[in-house]
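Q: I'd like to learn how to read a fold like this one. Could you walk me through it, feature by feature?

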Amino acid sequence: MNKVRRAEIDSLRAISIISVIVFHLNKDFFPYGYLGVDLFFVISGYLITRSIINDYKNNNFSFYNFYLRRIRRIFPVLLTVLLVTFFLGFIILLTPDFKRFTESLITSLGFISNFYFWITGGYFSSNDELKPLLHLWSLSVEEQFYLFFPLLMYLIFKFFKKINSILIIIFIISLISFAINIYFISKGHREPIFFLFPARVWQFGAGAFFAFLPNLNIKNIWLDSCYVCIAILLIFYNFFIKISYLPDATLMSIGAIMILYKNNKKKNYFSNIFNFKPLIFIGLISYSLYLWHWPIISFIKYINVDP
């Protein structure tokens, strides 16, 4: 992974968390804001792959170090949120709701809450808004990626030495995941592909695929500006328009990949958007914002729910 932080990545994280928070505050105002989570998946696929590639190049990759870094990054804030949420839930929730809450807490600790919330309801109904840990379904999907992807990378690097072979394998796996989405969408079953990891693999895979490639360097400033403008438009267009027969965040994922894949040019006016310091700051704290915002919103809605 690059030692220097990329401002555009932090800015993409900020766009992700802002869109999700606005959606959770008022989904009628911003009905597709939940797609911000999809941006996180693409970014994770890209960054985790770059990190593993860098470790392999330096001959210091180990599963122990990889998982230790993930634990240090994820668990301190997560456990704090779960502990605070548990005590608030004990005080605020009615007994049947608190029982369901404890079930969701246990599955969140085991990083299988995406299965739990899929089986016990969904994500978009009014009742779902009263589940304080509902948002952790996406963290479970990410953890499942962190669990399986290093093993896949280990096997790929062990048996395949050529970059073309590695890219073909990642492309095929991602294509199968994308095809799963197309199939379930055609059958009218969107809940499974929203919650379950196999249907999300294509987004992690898209990030992983381009992580193997050297960053694109467009020398002509006008072409560079057009490229970044198109990428930004794809992201924001997808927040308002979805293609019914494709996965919801297809256009957004393409736009995110275009930004991750390209070197950022200071002379590019559109690229300078990603250097907006408040946006970068929000991106830096996006993980904590994501974990804390929904329990607060959910408890407030629970307290104020109609009798």
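Q: At what angle do helix 1 and helix 11 pack, and how far apart are their axes?

A: Helices here are DSSP runs of H or I with at least four residues, numbered from the N terminus. An axis is a line fitted to C-alpha atoms over the stretch in contact, and the angle, from 0 to 180 degrees, is taken between N-to-C directions. Helix 1 (residues 7–25) and helix 11 (residues 250–261) pack at about 160°, their axes 9 Å apart. That angle makes helix 1 roughly antiparallel to helix 11, a label for angles over 145 degrees. Keep in mind that this is a predicted model, where local features need pLDDT of at least 70 and side-chain atom pairs count only at pLDDT 80 or more, while totals for chains, interfaces and linings use all residues. Residues are numbered from 1 along each chain as its sequence is written, and side-chain values use heavy atoms, without hydrogens or water.

Q: Which residues of helix 1 and helix 11 make the contact?

A: Contact means heavy atoms within 4.5 Å. Helix 1 brings E8, I9 and L12, and helix 11 brings A256, I259 and L260. Sorted by class, that is five nonpolar, no polar and one charged residues. For the classes, Ala, Val, Leu, Ile, Met, Phe, Trp, Tyr, Cys and Pro are nonpolar, Asp, Glu, Lys and Arg are charged, and the others, Gly among them, are polar.

Q: And how are helix 7 and helix 9 arranged?

A: Helix 7 (residues 163–186) packs on helix 9 (residues 201–211) at about 155°, with axes 8 Å apart, so the two are roughly antiparallel. The contact involves, among others, L167, I170 and F171 of helix 7 and V201, W202 and G205 of helix 9. By class, this contact has 10 nonpolar, four polar and no charged residues.

Q: What about the core: which residues touch the most other members?

A: A nonpolar core is a set of buried Ala, Val, Leu, Ile, Met, Phe, Trp, Tyr and Cys residues joined through side-chain atoms within 4.5 Å. Buried means under 20% relative accessible area, exposed over 50%, and partly exposed in between, using a 1.4 Å probe and protein chains only. The largest core here has 84 residues, and I52, L78, Y123, W137, L139, F212 and L291 touch the most other members. Helix 2 (residues 36–57) gives the largest share, 11 residues. As for L78, setting aside neighbours within four places in sequence, its contacts are F111, L136, L139, Y287 and L291.

Q: F111 has a positive phi; is this residue buried or exposed?

A: Most residues other than glycine have a negative phi. F111, not a glycine, has a phi of about 55°. It sits in the loop between helix 4 (95–109) and helix 5 (113–120), and F111 is buried at 13% relative accessible area. N59 also has a positive phi, near 60°, and lies in the loop between helix 2 and helix 3 (63–92). N59, however, is exposed, at 74%.

Technical notes
Parallel < 35°, antiparallel > 145°, perpendicular 65-115°, else oblique.
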